[in-house]
Amino acid sequence: MTIDAGTVIKGAQGQQTQASALIVDRDATLNANGTAQEPIIFTSILDEIMPGEVVSPNLTVDDRGLWGGVIILGNAPSSFEGDATEELIEGIPANSGFGLYGGTDPADSSGNIEYISIRHGGANIGEGNEINGLTLGGVGNGTVINHIEVIANLDDGVEFFGGTVNASNIVVWGVGDDAIDIDQAYSGTITNAAVVMNNVSDHGLEIDGPEGSATGMYTLQDITIFSDDSETNANSGNREYAQFRSSAMGTNNNILLVGGLPDSDFTLQDNQGVADNYNSGDLTFSNIQIVPPAGVTDISTLFTDASGLTSFQDDATGANGFVSVVADTGAATVGADLGVFGWTWVSEAASALGF
């Protein structure tokens with residue numbers, strides 16, 4: 001499938017098996033090549049936006065779950081429970097006849113996806129089974145993915161289920177769960193990503209490791225996470241910077257954390273696999289800077305290891321630790337290059353977001 005630059009695609013309303021989504025199955029390719037001047041926009045049929053517009057005239061960042069999302073599936077290696085060779089992607093009903101991902105080809109190509117904005121998605125197909133803004137299942141590094149915006153998704157912004165694809169220049173705003181989620185031994189590189197959480201968001205980063213015996217290490221490089229400090233209500237999320245769970249393994253470098261709640265932490269969860277990987281050097285952190293949340297004077301309260309089995313907290317915030325405090329974003333020397341997001345709705349709203 002080829003989608004021309006400047007196209008606006010609107011998904012129909014519907015929940016469960018009636019949810020609308022664009023699904024690129026294994027062995028298919030999507031060539032969606034927008035440009036900074038003419039991005040491709042995926043949104044809801046309820047959105048009155050027209051080609052050439054950047055900001056919706058009637059929907060806001062609080063309008064979520066109005067359609068599904070974009071799902072891309074490939075033949076690249078992924079680590080599945082029981083060492084299965086393939087799996088049904090999250091967000092697809094069972095027995096649908098499609099939606100499998102995983103394989104043995106790390107260089108598999110699912111096409112070229114550039115300058116696309118995905119908005120107001122995350123329709124629920126069943127209890128606890130929402131569609132992410134952009135789902136990448138077993139996608140290989142022959143696929144080109146860059147300049148991606150996800151706004152107001154009910155579930156995660158971008159989720160990598162295994163695979164080897166590299167992705168760059170990603171911005172996620174106002175999603176209802178995690179902005180960037182990594183699972184099943186994803187082993188590509190994510191470069192230059194910005195996250196803007198609002199009060200419903202859960203984590204900027206949620207990182208899991210392999211589910212089977214196959215392993216793979218990801219790289220996160222040049223990341224900025226803006227957390228939210230607005231008043232908590234019944235629908236509020238945790239608004240935490242990051243958590244590393246379930247044998248997570250990878251490299252995390254040049255990360256800027258900005259604001260948030262007094263408990264917006266950056267945490268190793270209580271998991272033996274995570275602790276073992278940190279202690280062995282298979283989960284590493286370097287060059288992290290933080291503009292602390294209001295009222296936080298001791299940043300060691302934000303960098304914690306729930307297992308108590310590592311020296312992570314001291315490595316982060318002790319003498320010569322890998323975390324340093326900066327007064328504001330202007331003083332930061334790490335994080336994403338926000339200038340590349342000038343084509344996005346996020347950029348249009350930047351001043352109000354602290355972006």
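Trainee: Which residues does V346 touch, not counting residues up to four places away in sequence?
Mentor: This is a predicted model, and V346 lies in helix 3. With neighbours up to four places away in sequence set aside, the residues that V346 touches are E149, I151, V171, W173, V196, L353 and F355.

Trainee: Is V346 buried or exposed, and what is its relative accessible area?
Mentor: Buried means under 20% relative accessible area. V346 falls under that cut-off and is therefore buried, its relative accessible area being 0%.

Trainee: How many bridges join strand 11 to strand 13, and which residue in strand 13 is the bridge partner of I148?
Mentor: Strand 11, residues 144-151, and strand 13 run parallel and are joined by six bridges.

Trainee: How many residues of strand 13 are buried?
Mentor: Strand 13 spans residues 167-173 and is mostly covered. Of its seven residues, the number that are buried is six.

Trainee: What is the geometry of the aromatic pair that W173 and W345 form?
Mentor: The count of aromatic pairs comes to 16. For W173 and W345 the centres are 5.8 Å apart and the planes stand at 85 degrees. Planes over 60 degrees apart count as edge-to-face, so the geometry of the W173 and W345 pair is edge-to-face.

Trainee: Why does the pair of W173 and W345 tie together parts that are apart in sequence, and how many residues apart are they?
Mentor: Both W173 and W345 are buried. Because W173 lies in strand 13 and W345 in helix 3, residues 345-348, the pair ties together parts whose separation in sequence is 172 residues.

Trainee: Which residues is S117 in contact with, leaving aside its neighbours within four places in sequence?
Mentor: S117 has its place in strand 9, residues 111-119, and counts as buried at 1% relative accessibility. Leaving aside neighbours within four places in sequence, the contacts of S117 are I40, I41, F42, E149 and W343.

Terms used. Residues numbered from 1 in each chain as written. Predicted model: local features only at pLDDT ≥ 70, side-chain atom pairs only at ≥ 80, totals over all residues. Heavy atoms only, no water. Buried < 20%, exposed > 50% of the residue type's maximum accessible area, 1.4 Å probe, protein only. Helix = DSSP H or I, 4+ residues; strand = E, 2+ residues; numbered from the N terminus. Pairing = 2+ DSSP bridges. Contact = heavy atoms within 4.5 Å. Phe/Tyr/Trp six-rings, centres within 6.5 Å; stacked < 30°, edge-to-face > 60°.
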